[in-house]
Amino acid sequence: MLCDRCGKNPSVIHITGKGSYCADCNNQMMLEMFGKDNTFHYAKNIIISETDGKMHSFRIQHLILGNIVTWEAQEVGGNYYFQDVSDLNENGSDVAQRFFQKIINGVQYKSIEKKVSPASNLLHRDGMCYSLKEHGNISIEEDPESGYESIRFRIDDEFFTPEEAARMLSSYVGWNMKYQIESASEAYLGEDEYLVPVKINKRIILGKWNLLRELYLQEGHLREADQLDFDEGIQEIIEMLIILREHGNMDTAIEAGEQIIEELRHLTGPGEDFPFLDIDILSGVIHKYR
């Protein structure tokens, strides 16, 4: 079915009572509806090279769904697939560059180690012995070959059944596994990146906020000379709130975030954007997808 607006491209979204539209027409309509400028300027096709020279080509597409923007990168002729989600208020070109880095990390760092080995308890495929590295990235998907009645795992650019994934873990018998489930929009772990245990709660977040106030605010005013350090502190708070939001502590994230936002409203500082830009960012973080 072709797009009802341009009549050229295949439709990808249907809006009840209005019609079916391609990604480009849908995105333009959404921008017009919300009165936003088009900042989505990026390459629609990119090529990523592995360290051994193997090339992977991707088609990039974004789709505006209200205030949420979904992103996807599908490998042409291959199995790599990446997703991301952003807010319509974010600069589209900046988000695209962040998404490209996620794709690069996902392609260049391998979560599977392949080698020739006589080990019988590991997974054997294509003459190689497969085992999972000690840290990496695994996507959990419905398995279309089973009629979507079971799951499969996408690891690097290959698919595995739960039984095959278990075989790749058999070299770690006797060890413990710590895990962290994240949305598909989160960044991929790179070669030198690790999940490190960290304690985050409302007291710790507000303690960080109170320290920022003591260090950089004088009688409720932020000096221009302190703005960079203050912004770095706010970014740390934002990262803490995102972790809470993504891992089941949404109420705590909202309570801490709203308290900080309320106190920000009474502050003054350099430029017309302070504190409104910080308030908008914090509001977007704690209320995202709610």
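**Exercise 1.** Work out which residues make the nonpolar surface patch of about 670 Å², and find whether Tyr179 is buried or exposed.

*Solution.* Start with the members: Ile138, Ile140, Ile151, Met177, Tyr179 and Ile181 make the patch. To join a patch, a residue needs over 30% relative accessible area and no salt bridge, and nonpolar side chains are joined within 5 Å (like charges within 9 Å). Finally, Tyr179 has 67% relative accessibility, so it counts as exposed (buried is under 20%, exposed over 50%, partly exposed in between, with a 1.4 Å probe).

A quick note on the model: it's predicted, so local features need pLDDT of at least 70 and side-chain atom pairs pLDDT 80 or more, while totals for chains, interfaces and linings use all residues. Residues are numbered from 1 along each chain, and side-chain values use heavy atoms, leaving out hydrogens and water.

**Exercise 2.** Describe Ser183 and how far its C-alpha atom is from that of Glu246.

*Solution.* Ser183 also has its place in the loop between α3 and α4. With a relative accessible area of 31%, Ser183 is partly exposed. Now the distance: 63 residues separate Ser183 and Glu246 along the chain, yet their C-alpha atoms are 7.4 Å apart.

**Exercise 3.** Find how helix α7 (residues 276-287) runs relative to α6 (residues 250-264).

*Solution.* Take the axes: those of α6 and α7 come within 9 Å and cross at roughly 165°. That makes the pair roughly antiparallel (under 35 degrees is roughly parallel, over 145 roughly antiparallel, 65 to 115 roughly perpendicular, the rest oblique).

Conventions:
Areas by Shrake-Rupley, 256 points an atom, 1.4 Å probe, with all protein chains shown as cover. Salt bridge = Lys/Arg side-chain N within 4 Å of Asp/Glu carboxyl O. Axes fitted to C-alpha atoms, helices over the stretch in contact; angles between N-to-C directions. Helix = DSSP H or I, 4+ residues; strand = E, 2+ residues; numbered from the N terminus.
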